[in-house]
Amino acid sequence: MEKMSMPCAACKYLRRKCTQACVFAPYFPPNKQEDYAAIHKVFGASQVAKILNDLHPSQRQDAVTSLVYEAQTLLLDPVHGCSRHVYNLQNQLKDLQDQLQIARNELVSYNNIIPSLDLPPPITYQQNHQNPMLMPVVSNYGGPLTSEQLREEAHRVESERSAQVPQMQPNAAPSKRDDCP
């Protein structure tokens with residue numbers, strides 16, 4: 001085994017020579033000494049070496065990251081450790097899911113207010129830039145349309161459609177002009 005020029009954080013902490021076969025060297029470079037110190041204090045060097053040796057090399061970096069996080073949270077909060085963070089994140093996820101459901105319900109209520117219209121297909125980017133007359137009437141500055149803008153656009157399209165189709169009243173006699181003989 002060859003001696004490395006700079007010992008890894010684990011070997012430096014344990015005051016031993018770092019070799020090429022050191023299991024800690026790829027994951028604890030010399031500048032990560034406080035990460036290794038936390039892991040060593042919580043789990044111990046032999047346990048961490050055993051965990052790393054049992055894992056496939058492609059999984060080791062994720063395991064080291066998780067061990068470092070868990071060790072640091074256990075040192076800060078010895079009773080709850082990272083479970084407090086997990087609990088807070090689960091609550092945050094539940095709150096966000098509730099907000100998403102509220103937004104979906106609100107969208108459904110807007111769909112019930114505005115009747116279904118047969119709108120033309122959306123204009124693609126290429127069509128829009130080839131023909132400047134196809135620019136949308138509602139200005140949204142490149143962002144999503146608000147519900148008010150959607151309502152206005154739906155009413156505009158409906159009024160244009162009704163203006164294009166002349167409405168004939170049944171049983172109505174054609175009107176005569178006074179100046180015609």
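Close-up 1. K94 is partly exposed, at 48% relative accessible area (buried is under 20%, exposed over 50%, partly exposed in between; 1.4 Å probe, protein chains only). D98 is also partly exposed, at 35%. The two side chains form a salt bridge, 3.1 Å from N to O (a side-chain nitrogen of Lys or Arg within 4 Å of a carboxyl oxygen of Asp or Glu). Both residues belong to helix α5, residues 83-113 (helices are DSSP runs of H or I, at least four residues, numbered from the N terminus). Four residues separate them, about one turn of the helix. The model is predicted: local features need pLDDT of at least 70, side-chain atom pairs need 80 or more, and totals for chains, interfaces and linings use all residues. Residues are numbered from 1 along each chain as its sequence is written, and side-chain values use heavy atoms, without hydrogens or water.

**Close-up 2. The R84–D77 salt bridge.** The side chains of R84 and D77 pair at 3.1 Å, N to O. R84 is partly exposed, with 42% relative accessible area. D77 counts as buried, at 18%. The salt-bridge rule gives a count of two.

**Close-up 3. The buried face of helix α3.** In α3, residues 45-54, the buried residues are A45, V48, A49 and L52. Down the helix axis they fall within an arc of 100°, so they line one face (the arc is taken over directions from the helix axis to the C-beta atoms). Their cover includes α1 (9-14), α2 (33-42) and α4 (57-76), with contact meaning heavy atoms within 4.5 Å.

**Close-up 4. The opposite face of α3.** Turned away from the buried side, this face carries exposed S46, K50 and D54.

How values were computed
Helices (H or I, at least four residues) and strands (E, at least two) are DSSP runs, numbered from the N terminus.
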